[in-house]
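Please have the sequence and the coordinates open.

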Amino acid sequence: STVARIVNNEGQFSQDVRDREYDAAQKIGYMKSSPTVSGTKRAIEQIAILVSEDIEKDFTWSFFRRIIAPLEAAIAREHLYPVVMPISVNQDSKEISDKLAASKVKALFSFEYANLELFQSLEEQGIPVIAINSSNIRPQTNSVCIDNVQGAYDAVSYLLSLGHAQIRYIDYHRAEQTPFNDRFVGVKMALEERSVKIADEMRLLVDESNM
């Protein structure tokens with residue numbers, strides 16, 4: 001009864017209860033048309049959430065799900081339906097575009113998947129796009145990015161405050177290097193600020209597949 005009333009925007013419930021109900025409804029795939037102000041039914045408008053399905057980065061899911069859960073709740077509060085679409089970084093952009101068109105989405109959030117040509121095409125069709133954590137296309141599209149420079153700066157500053165001076169930065173070759181270059185900038189800023197000599201071999205490049 002509570003679920004039905006909240007989904008139909010009826011009754012008096014706290015925002016906390018509404019958020020928990022929407023979150024639970026999305027997890028079990030519950031979907032129902034939302035009433036308009038006049039009380040008549042309208043077609044469900046969907047918002048797509050693209051999530052890069054990269055085996056190499058499976059560990060990042062524990063981070064992104066903390067962003068996706070409140071995002072889904074916020075979308076649902078507007079009587080919109082969030083649709084999470086797992087995609088591969090190597091997937092053909094036309095295939096993704098066709099999938100979005102078939103779902104008739106009204107807007108798109110993209111997590112760590114940056115395809116400027118696809119995003120610009122969607123914008124031209126009236127589908128707004130927000131790229132999340134894709135700093136390489138930040139100047140060309142609406143983006144929300146982690147401050148990798150500040151994060152690395154804070155981490156190294158903490159190590160230095162403990163008295164550590166022999167610090168190394170391990171990295172590996174990737175197709176998309178921008179966030180990791182940003183982090184190295186933060187590392188160097190922290191060292192230079194405290195006049196710590198940066199060793200020539202400080203940045204260690206390794207073969208990520210060779211554990």
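Two strands are counted as paired if DSSP finds at least two bridges between them. Helices (H or I, at least four residues) and strands (E, at least two) are DSSP runs, numbered from the N terminus. E1 and E3 run parallel and are joined by six bridges. The model is predicted: local features need pLDDT of at least 70 and side-chain atom pairs count only at pLDDT 80 or more, while totals for chains, interfaces and linings use all residues. Residues are numbered from 1 along each chain as its sequence is written, and side-chain values use heavy atoms, with hydrogens and water left out.

**Sheet**
- Five strands form an open sheet in the order E2-E1-E3-E4-E5, with parallel pairing.
- E2 and strand E5 (143–144) are the edge strands, each pairing on one side only.
- Ile49 has Phe109 in E3 as its bridge partner.
- Val83 is part of strand E2 (residues 81–87).
- Val83 counts as buried because its relative accessibility is 18%; buried means under 20% relative accessible area, exposed over 50% and partly exposed in between (1.4 Å probe, protein chains only).
- Apart from neighbours within four places in sequence, Val83 is in contact (heavy atoms within 4.5 Å) with Gln46, Ile47, Ala48 and Ile49.

- Helix H3 (residues 61–77) lies across E1, E2 and E3, and runs at about 175 degrees to E1.
- H5 lies across E3 and E4, at about 155 degrees to E4.
- For these angles, axes are lines fitted to C-alpha atoms, for helices over the stretch in contact, and the angles run from 0 to 180 degrees between N-to-C directions.

**Helix H4**
- Ile96, Leu100 and Ser103 are the buried residues named in H4.
- These residues lie on the same side of H4 because they cover an arc of only 65 degrees around the axis, the arc being that of the directions from the helix axis to the C-beta atoms.
- An α-helix has 3.6 residues a turn, so residues three or four places apart point the same way.
- Lys94, Ala101 and Ala102 are exposed on the other side of H4.
- The cover over the buried residues of H4 includes E1, E2, E3 and H5.
- Asp92 caps the N-terminal end of H4, with a side-chain oxygen 3.1 Å from the backbone nitrogen of Lys94.
- After H4 comes Lys104, which has a positive phi near 55 degrees.

**Nonpolar cores**
- A nonpolar core is a set of buried Ala, Val, Leu, Ile, Met, Phe, Trp, Tyr and Cys residues joined through side-chain atoms within 4.5 Å.
- The largest has 18 residues, of which Leu50, Leu100, Leu108 and Phe119 touch the most other members.
- Strand E1 (46–52), E2, helix H4 (93–103), E3, H5 and strand E4 (129–132) each supply at least two residues of this core.
- E2 gives the most to this core, with four residues.
- A second, separate core has 12 residues, among them Val156, Leu160, Val187 and Ala190.
- Beyond its neighbours within four places in sequence, Leu50 has contacts including Met85, Leu100, Leu108 and Phe111.

- Asn115 sits in the loop between strand E3 (105–111) and helix H5 (116–124).
- Asn115 counts as buried because its relative accessibility is 17%.
- A polar atom of the Asn115 side chain lies 2.9 Å from the backbone nitrogen of Leu118.

Technical notes: Polar contact = N/O pair within 3.5 Å; in protein donor to acceptor, adjacent residues only side chain to side chain.
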